[in-house]
Amino acid sequence: MDITIDRESGEPIYRQVVREIQGMIHSGALPEGFLLPPERRLAAALGVNRSTVLSAYRELKALGLVDAHVGRGTAVLRAPAPNQGVVGTPWRQLFRESVARAHDPIISDLLALTERRDVISFSIGLPAPELLPLETLGELTSELLSEVGAPLFLHCPTEGHSPLRQTLAQWVAVRGIRARTSEVLVVSGSQQGLDLIARIFIDPNDTVVVEDPTYVGALQSFRAAGARIVSIPVDENGMQTDILASVLERERPKLIYTLPTYQNPSGAVMNIDRRRHLLEIASRWHLPILEDDPYSELRYDGEALPSLKALDEEDRVLYQSTFSKVLFPGLRVGYLVVPPIVLRQLVLAKQGADLHANSFSQYLIDRFIQDGHFASHLEKSRAAYRRRRDAMAVALGQDPSLGIEYSKPHGGFYFWCRVPDGIEQSALLANAAARGVVYLPGRACFATDPPEHFLRLNFSHATEDSIKVGVERLLDAVREASGEIPLPDADWPTTSPVV
């Protein structure tokens with residue numbers, strides 16, 4: 001792809017890149033499906049900043065000439081002839097800029113992949129389908145239909161089904177969280193909780209502090225709200241609160257977002273000293289903390305630590321959890337524990353989103369907990385996931401010469417791995433997909449300037465046998481990306497893997 005840049009021209013360089021590529025698309029020199037060079041590679045070839053190429057690619061996407069997906073790269077779309085103009089409504093140019101930036105298709109791509117049987121997926125955090133208590137679900141459904149009947153499928157309060165809210169207030173008390181029923185809001189999964197929090201707190205250009213790396217869905221919600229994101233590094237002991245303290249000397253964020261227990265994606269656990277330090281910092285600067293806690297029930301070894309909410313004496317921690325990681329993710333039930341004044345605003349926002357969470361799901365979850373099934377299911381799940389975690393650790397460690405760095409998590413769903421710096425992530429992702437295994441590229445989990453050498457592997461969804469086979473395929477992909485072995489002949493997609 002031959003692009004000529006005139007540095008003496010008054011035209012911005014990114015516009016020159018747009019014009020050159022647009023011309024090649026219209027002339028047919030770049031056919032439909034052609035993959036444009038990765039941003040870093042083209043930037044290096046042109047001798048410009050990566051942000052220049054990124055701006056050019058965004059402009060081309062807005063014009064409807066290219067599309068981009070994580071793992072596939074940026075591909076040319078079918079373009080109208082130059083003399084025809086844009087056919088139909090130019091939808092891409094009408095979307096809000098913050099929405100266009102925020103809605104990376106990676107999560108929807110990963111969810112779509114769960115339906116494929118020809119790929120071993122380490123990419124998305126789902127419970128093992130064979131562990132779901134379907135027989136118990138059927139029995140409880142019959143009981144509820146007989147006892148409750150039609151109200152199962154009618155509206156319920158926006159705050160949530162009242163008996164479930166009471167049950168949840170009692171359930172979190174086991175974690176040391178003091179909560180009244182009036183402080184519990186049932187939401188349609190924790191992703192909606194993030195969206196609602198962003199709606200009521202974040203105005204465009206407000207600052208949000210997150211961990212680096214962090215949950216990709218949180219980044220999407222905050223970006224969609226137009227937030228400016230400031231990231232704080234994470235090590236094996238969680239968010240580095242000393243760095244946070246220094247950052248707050250010059251930043252005034254609206255919110256601090258953290259996953260202190262079995263952090264997604266790193267698996268880190270914030271130690272007790274940092275938990276207390278974080279609360280002290282938030283108190284000093286009068287900041288709310290959103291504690292996202294989807295994994296604390298999934299502890300396989302190590303010490304159990306109190307949640308931030310349990311340690312909070314000033315009622316400034318907004319606590320969020322979900323049932324999607326341990327029980328029937330398709331039911332879409334999560335919950336928030338927040339001060340009543342915050343809950344009232346969340347209820348107003350939720351009314352505009354979906355009125356209330358699924359009524360039947362709420363009845364079912366409440367009965368599942370009340371009858372003691374949830375506690376026994378958790379015990380069974382922990383044992384199974386511990387074995388799968390151990391199986392992945394053994395598989396990853398079979399060839400130390402590859403230079404893959406990782407630590408075995410004490411809980412949660414993920415291994416956070418680092419591959420040698422010389423391996424290009426896009427090549428590794430394509431090589432892995434060619435062998436029938438996919439994962440989450442680590443760059444999706446960073447707010448700014450994402451490094452290329454991290455990847456996240458989920459161990460909960462695949463069986464122990466599949467974990468062994470999938471990791472072997474991944475290690476072969478690393479060898480191929482390192483130039484040690486050739487790419488195999490296979491029916492897997494090589495230029496546009498779905499991840």
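Predicted model: local features only at pLDDT ≥ 70, side-chain atom pairs only at ≥ 80, totals over all residues.
1. Overall composition. The protein chain comprises 499 residues, 53% of which count as buried. Its secondary structure consists of 18 helices and 16 strands. Among contacts in the protein chain with a separation of 6 or more, 73% are accounted for by residues 24 or more positions apart.

2. Strand β12 and its burial. Strand β12 spans residues 334-337 and is covered on both faces. G334 and L336 lie on one side, Y335 and V337 on the other, and all of these residues are buried.

3. Partners of β12. Strand β5 (residues 184-187) pairs with β12 in the antiparallel sense through four bridges. Within this pairing, L185 is placed opposite L336, a residue that is itself buried. Strand β11 (residues 317-322) also runs antiparallel to β12, and four bridges join them. Here S321 stands opposite Y335, which is buried on the other side of β12 from G334 and L336.

4. The sheet β13-β16-β15. In that order, three strands form an open sheet with antiparallel pairing. The edge strands are β13 (414-418) and β15 (440-441), each of which pairs on one side only. Strand β16 covers residues 454-458, and its antiparallel pairing with β15 comprises two bridges. Within this pairing, P441 has L455 of β16 as its bridge partner.

5. The helix on that sheet. Helix α16 (residues 373-396) packs on the sheet and touches β13 and β16. The direction of α16 makes about 15° with that of β13.

6. Geometry of α17 and α18. Helix α17 consists of residues 425-434 and helix α18 of residues 464-481; their axes come within 8 Å and cross at roughly 135°. The pair is therefore oblique, since an angle has to be over 145 degrees to count as roughly antiparallel. The crossing of α17 and α18 is right-handed.

7. Residues at the α17-α18 contact. Which residues of α17 meet α18? They are L428, N431 and A432, and on the α18 side the contact involves L474, A477, V478, E480 and A481. By class, the contact has six nonpolar residues, one polar and one charged.

Terms used
Residues numbered from 1 in each chain as written. Heavy atoms only, no water. Pairing = 2+ DSSP bridges. Contact = heavy atoms within 4.5 Å. Axes fitted to C-alpha atoms, helices over the stretch in contact; angles between N-to-C directions. Parallel < 35°, antiparallel > 145°, perpendicular 65-115°, else oblique. Left-handed = near helix turned anticlockwise from the far one by under 90°. Nonpolar A, V, L, I, M, F, W, Y, C, P; charged D, E, K, R; others polar. Buried < 20%, exposed > 50% of the residue type's maximum accessible area, 1.4 Å probe, protein only.
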